[in-house]
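Visitor: I'm new to this one. Could you walk me through how to read a few of its features?
Guide: Happy to. Let's have a look together.

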Amino acid sequence: MVTEQDSAFERGKLTDPNCPTRLVLDRIGDKWTVLVVTLLADGPLRFTQLRAGIGGVAPKVLTQTLRALERDGLVTRTAYPEIPPKVIYELTELGHSLRAPVAAIADWSERNVNRILAARTAHDQA
């Protein structure tokens with residue numbers, strides 16, 4: 001199905017420094033975004049669950065990432081008036097559409113990590 005947005009899309013503008021698509025690439029090319037989308041692909045999670053699932057991410061960085069994803073319409077944040085406060089993060093429909101590309105990048109990375117590390121070692125030793 002072709003949407004109005006799809007029909008207005010023009011290829012070949014990505015190399016233009018003023019192309020707004022670069023803003024999207026900045027978001028989806030961020031490692032924390034990839035990890036958050038990967039974890040939320042299985043369903044909604046709390047902040048602490050996301051942080052534990054990602055590992056090695058500072059709370060401030062995760063908060064910034066989640067806020068940016070929410071601003072971009074990829075994640076929703078639902079706060080429940082409980083004590084202690086309960087906040088759930090979940091992929092939106094747009095966020096779910098990012099699952100397949102993120103999975104493809106993750107799969108490629110896992111298949112090629114040894115080749116990349118070997119190339120780095122060879123380069124650094126040269």
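Visitor: How do the residues lining the second largest pocket divide into nonpolar, polar and charged?
Guide: Keep in mind that this is a predicted model. Here's the general idea: rolling a probe the size of a water molecule over the atoms shows where empty space is left. In this case, the lining has four nonpolar, three polar and two charged residues. The second largest pocket has a volume of about 250 Å³. Its lining includes K31, V34 and L35, along with I105, A106 and E110. Helix 3 (31–40) and helix 7 (99–125) are the elements that each give two or more residues to that lining.

Visitor: At what angle do helix 3 and helix 5 pack?
Guide: Helix 3 packs against helix 5 (residues 59–71) at about 75 degrees, and their axes are 10 Å apart. That angle makes helix 3 roughly perpendicular to helix 5. W32, T33 and V36 of helix 3 meet V61, L62, T65, L66 and L69 of helix 5. By class, this contact has six nonpolar residues, two polar ones and no charged ones.

Visitor: And the sheet: in what order do the strands sit?
Guide: In general, strands of a sheet pair through backbone hydrogen bonds, either parallel or antiparallel. Here three strands make an open sheet in the order 1-3-2, with antiparallel pairing. Strand 1 (45–46) and strand 2 (75–80) are at the edges with a single partner strand each, so one side of each has no neighbour in the sheet.

Visitor: How many bridges join strand 1 to strand 3?
Guide: Two bridges join strand 1 to strand 3 (residues 86–91). To find one, look at L45, whose bridge partner in strand 3 is Y89.

Methods: Residues are numbered from 1 along each chain as its sequence is written. This is a predicted model: local features need pLDDT of at least 70, side-chain atom pairs count only at pLDDT 80 or more; totals for chains, interfaces and linings use all residues. Side-chain values use heavy atoms; hydrogens and water are left out. On a 1 Å grid over the protein atoms alone, a cavity is a set of points where a 1.4 Å probe fits but cannot get out, and a pocket is an open set with protein on both sides within 12 Å along at least five of seven lines; lining residues have an atom within 4 Å of a point. Grid points are joined across faces, edges and corners, and a volume is the space filled by probe spheres set on the points. Helices (H or I, at least four residues) and strands (E, at least two) are DSSP runs, numbered from the N terminus. Ala, Val, Leu, Ile, Met, Phe, Trp, Tyr, Cys and Pro count as nonpolar, Asp, Glu, Lys and Arg as charged, and the others, Gly among them, as polar. Axes are lines fitted to C-alpha atoms, for helices over the stretch in contact, and angles run from 0 to 180 degrees between N-to-C directions. Angles under 35 degrees count as roughly parallel, over 145 as roughly antiparallel, 65 to 115 as roughly perpendicular and the rest as oblique. Contact means heavy atoms within 4.5 Å. Two strands pair if DSSP finds at least two bridges between them.
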